[in-house]
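Thanks for making time this morning. I'll take the interface to begin with, then walk through a few elements inside the chains. Please have the viewer open.

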Number of protein chains: 2
Amino acid sequence: MQLIRNPARQEWPSILARPVLDNAALLAQVGEVLDDIRKSGDVALGKYIIKFDGEIQGDLRVSASSIVQAGDELDIELKQAIDVAFNNISRFHTAQQELVQPIETTAGVVCWRKSLPISRVGLYIPGGSAPLFSTVLMLGIPAMLAGCKEVVICTPAGKDGTIHPAILYAAGKVGIQEIYRIGGAQAIAAMASGTSTIAKVDKIFGPGNQYVTAAKQLVQMQGVAIDMPAGPSEVCVLADETANPAFIAADLLSQAEHGPDSQVLLVTNNASIINDTNIALETQLQQLGRKSIAELALQNSKAILVANMDEAMDMVNAYAAEHLIIASTQYEKYMDKVEHAGSVFLGNLTPESAGDYASGTNHTLPTNGYARAYSGVSLDSFVKKVTFQHINESGIRNLGPAIITMAQAEGLDAHANAVKIRLNQ
Amino acid sequence: MQLIRNPARQEWPSILARPVLDNAALLAQVGEVLDDIRKSGDVALGKYIIKFDGEIQGDLRVSASSIVQAGDELDIELKQAIDVAFNNISRFHTAQQELVQPIETTAGVVCWRKSLPISRVGLYIPGGSAPLFSTVLMLGIPAMLAGCKEVVICTPAGKDGTIHPAILYAAGKVGIQEIYRIGGAQAIAAMASGTSTIAKVDKIFGPGNQYVTAAKQLVQMQGVAIDMPAGPSEVCVLADETANPAFIAADLLSQAEHGPDSQVLLVTNNASIINDTNIALETQLQQLGRKSIAELALQNSKAILVANMDEAMDMVNAYAAEHLIIASTQYEKYMDKVEHAGSVFLGNLTPESAGDYASGTNHTLPTNGYARAYSGVSLDSFVKKVTFQHINESGIRNLGPAIITMAQAEGLDAHANAVKIRLNQ
């Protein structure tokens, strides 16, 4: 890790800056895929699958029997772990359901809002090196709880043309029956504009590589909603002298193993914590299957020593991390000072991986500083909150004059008239 | 209005389609403004203000005394009406505050979420023909209730270089002190990237013309959040035989007067309702100040006769209107069948203008079919919902094995190790 000691405040922005990608060329390239699939549907979709993934093996849609049978191919231990995660994620997201609460704002004027499910949503589940069945749970469970009528998964098949059974098992658990073996920008394009194979969705969720991310950005401009913009995953550990350096090292590595572009940051007021964490990193790194990836990520990561914990807190807020670990037995002193973060992990026994998999919170979170303005995925992401209102005779008499006055002051006669005509009757 | 009788279902999509704009040229033009202001700050901002608005008259920032004194220039009646609206909107949006609700998902594992304000938000208030002080309330009140630290308004000045006192009075009421006399795409650009005059914001809200809308779409791709994509305003009236045609006509006109591109739709199972509404439209149209605008909008609007109210409901859901008026004494029969809408107005005495101004619900709503996937503005729009979790010793013992199993199945050793190292201690 790069050690940075007591940086001046004016240096903070450059120290905390995320890598900026010039993706104009990428957007142009992906834009062509989107245009082509919008115009030519399945013909273009097939063309890009062959171009990017080799050949199309059999049906793009996964058979119902494969989904049902997937559980048989999994270890009982993994099935039980998925069940534990399913229960916790369900419990946490169920508590996000909003009750309908009518408010009489003026006598005779009653307003409320009601959550209505988004009808048809698409979940993109990346393939590549790992079968991300945890993301199926994190997106599929709130979709199920929200009552989305149709939930679709697109995920690239492995080299043998199959989808990992853990993905299919997790999909089955959340009631998803419509799964396509399609990956990349072409999957986003197909879900966004619809083809004969796969009907258009209203909103697209899920992580992906730079092509998938660019495609999501572009389809958002064409009216398809997306969960949030995405960048490389990141963790920031805020530590004081009560932290455990071995635990910090383990948490930093669990971020670093995601990819060479993972953002890893340690902020503390204590020089020994940095020193001891570095020693622990050396030891723990040797034991990792993804050692070479984690090593690359660590080269770009930073350990920042600041004068005191107030300054540390300011820095953490300036960074607005996707994952913020407050590694301290005194976490209660710090937690109310968090202003921007995707998800916060409190105390020495709360690793980020708990939230990644099984504690109940969602792991789809804002990266790249987007935590300043965006929330992570929740039940809210799968509904629209629609307002309703009813006005009775006394209500229109009580409220009508104010509406008329305001409408006339804005020069909108017909708005005023819609009230007058009711008052006059 | 165009009369459409009993259209076949396969014709619905073309009947209900919104106008599609090819805005590639517009996006390119606006993109230049954004790039220029990002690179050259105030110099470029000044250049575009002179280019698009003529000259820069005095300070761009409105003085504190102008805001304080604005109330003196308003009629007492208008001030009282604004106060009524302020109270109702505050009441409705206060009820949207979410309580922190800790959930023990597994023994020893406690998770909750907490709403944190977005620090600095920018509100765009259009100028042009009408001073939209109602939009200042609709955006400023939830920003105030959310606890946003800094709220900025950009709004174009009138020809005399001043801002309408009703806008300043409304801003003062919601505690906004930072107001700039800047309009158009250059205002969005300045708020999105920041200049010496106006610091960067985290999220941009508010309606605007096609340049403003294009600028918001583009800055969203560069990481600045926006409230929602926008299109022309629209109303759909669902009526049965218990509706009042004069009221329907008044509501259709209150939409039509917004602009020639306003979308106006009447769906009913009753031919006399259409006939009588057309007669009422003729009479009421003559009395309007904005008659010529409303007339143009009506030429593109549609009255659709369907076989029965079930079919009417299906059509209304297929349209996904920004404003849906259920013009019927039997509105309770229909309201639970609404699947997509921005805001719903129930019964014969509930005009859309109530929600536009003063009933309490927000008037910033999804247009253009976006109601399928987007909510209107609410308190939620001004906060991030951040998840927190704390795990104790028994918690990590209870949950740890499931995390380890899942992480290993995804091939992420370091994620598993972050738990193992805690269990081993």
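Across the interface of chain A and chain B, 74 residue pairs are in polar contact, both residues at pLDDT 80 or more. A polar contact here is a pair of N or O atoms within 3.5 Å; within protein, one must be able to donate a hydrogen and the other to accept it, and residues adjacent in sequence count only if both atoms are side-chain atoms. By class, the side of chain A that touches chain B has 60 nonpolar, 38 polar and 21 charged residues. Nonpolar covers Ala, Val, Leu, Ile, Met, Phe, Trp, Tyr, Cys and Pro; charged covers Asp, Glu, Lys and Arg; the others, Gly among them, are polar.

Ground rules. This is a predicted model, where local features need pLDDT of at least 70, side-chain atom pairs count only at pLDDT 80 or more, and totals for chains, interfaces and linings use all residues. Residues are numbered from 1 along each chain as its sequence is written, chains are lettered from A and ligands numbered from 1 in the order in which they are written, and side-chain values use heavy atoms, with hydrogens and water left out.

Back to the interface. Chain A puts 119 residues into the contact, and chain B puts in 118 residues. Contact means heavy atoms within 4.5 Å. The two chains bury about 10400 Å² between them, 58% of it on carbon and sulfur atoms. In chain A, the residues that lose the most area to chain B are A:Met406, A:Glu410 and A:Arg422, together 8% of what that side buries. Buried area is the accessible area (1.4 Å probe) that two parts lose on being put together, summed over both.

Now charges. There are 12 salt bridges between chain A and chain B. The rule is a side-chain nitrogen of Lys or Arg within 4 Å of a carboxyl oxygen of Asp or Glu. A:Arg422 makes a salt bridge with B:Asp251, at 2.7 Å, N to O.

Strands cross over too. Strand 13 of chain A (residues 343-346) pairs in the parallel sense with strand 14 of chain B (residues 383-391), over 4 bridges. Opposite A:Phe345 stands B:Gln389. Pairing requires that DSSP finds at least two bridges between the strands. Helices (H or I, at least four residues) and strands (E, at least two) are DSSP runs, numbered from the N terminus.

Which residues does A:Ser134 touch, beyond four places away in sequence? From its own chain, A:Asp356, A:Tyr357 and A:His363; from the partner, B:Met406 and B:Glu410. A:Ser134 belongs to helix 5 (residues 133-146) of chain A. Its relative accessible area is 2%, so A:Ser134 is buried. Buried means under 20% relative accessible area, exposed over 50%, partly exposed in between (1.4 Å probe, protein chains only).

Next, chain A overall. It has 16 helices and 14 strands. The C-alpha trace of chain A spans about 85 × 60 × 45 Å along its principal axes. Of the 425 residues in chain A, 63% are buried. Among its contacts with a separation of 6 or more, 75% join residues 24 or more positions apart.

Helix 7 of chain A (residues 184-193) has 9 of its 10 residues buried, so it is largely enclosed by the rest of the structure. The cover includes helix 2, strand 4, strand 5, strand 7 and helix 8 of chain A. After helix 7 comes A:Gly194, with a positive phi near 80 degrees.

A:Ile179 lies in strand 6 (residues 178-180) of chain A. At 0% relative accessibility, A:Ile179 is buried. Its contacts beyond four places in sequence include A:Leu60, A:Val62, A:Ile153 and A:Leu168.

Last stop, chain B. Is strand 10 of chain B mostly covered or mostly exposed? Mostly covered: 6 of its 6 residues are buried. B:Gln263, B:Leu265 and B:Val267 point one way, while B:Val264, B:Leu266 and B:Thr268 point the other. In general, side chains in a regular strand alternate between the two faces of the sheet. Strand 9 (residues 234-239) of chain B runs parallel to strand 10 of chain B, joined by 6 bridges. There, B:Ala239 has B:Thr268 as its bridge partner. The side chain of B:Thr268 also reaches the backbone nitrogen of B:Asn270 at 3.0 Å.
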